[in-house]
Amino acid sequence: MAATRRPGAPIRLGREHRAWTLAALGERLGCSPATISPLERSSRVVDLALVHRAAVEVGVP
């Protein structure tokens with residue numbers, strides 16, 4: 001249910017499954033943890049390209 005309201009929820013689950021911090025994922029994507037955090041929590045997608053890159057990085061189809 002949360003994934004339907006928050007598109008970043010599966011990204012957070014994938015990141016946590018890999019035991020990565022926000023900083024670790026941010027480093028892999030070339031952005032700050034402050035950019036990743038709202039991406040995971042928000043119900044609005046601001047940067048679809050970043051969401052896609054993050055999903056691929058953590059293994060979300």
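Predicted model: local features only at pLDDT ≥ 70, side-chain atom pairs only at ≥ 80, totals over all residues.
Start with helix H3, which spans residues 22-29. Three of its residues, Leu25, Gly26 and Leu29, are buried. Viewed down the axis of H3, the buried residues fall within an arc of 100°, so they line one face of the helix. What covers them? The cover includes helix H2 (9-17), helix H4 (33-41) and helix H5 (48-58).

Now turn to the charged side chains. The count of salt bridges comes to three.

One of them joins Glu16 and Arg12, with N to O at 3.0 Å. Both residues sit in helix H2. They are four residues apart, about one turn of the helix. Glu16 is partly exposed, at 41% relative accessibility. Arg12 is also partly exposed, at 35%.

Another salt bridge pairs Arg15 with Glu40. Their closest N and O atoms are 2.7 Å apart. Arg15 belongs to helix H2 and Glu40 to helix H4, so this pair ties together parts 25 residues apart in sequence. Are these two residues buried or exposed? Both Arg15 and Glu40 are buried.

There is also a salt bridge between Arg28 and Glu57, where the closest N and O atoms are 2.7 Å apart. This pair links distant parts of the chain. Arg28 lies in helix H3 and Glu57 in helix H5, 29 residues apart. Arg28 is partly exposed, with 48% relative accessibility. Glu57 is partly exposed too, with a relative accessible area of 26%.

Note on methods. Residues numbered from 1 in each chain as written. Heavy atoms only, no water. Buried < 20%, exposed > 50% of the residue type's maximum accessible area, 1.4 Å probe, protein only. Helix = DSSP H or I, 4+ residues; strand = E, 2+ residues; numbered from the N terminus. Arc of directions from axis to C-beta. Contact = heavy atoms within 4.5 Å. Salt bridge = Lys/Arg side-chain N within 4 Å of Asp/Glu carboxyl O.
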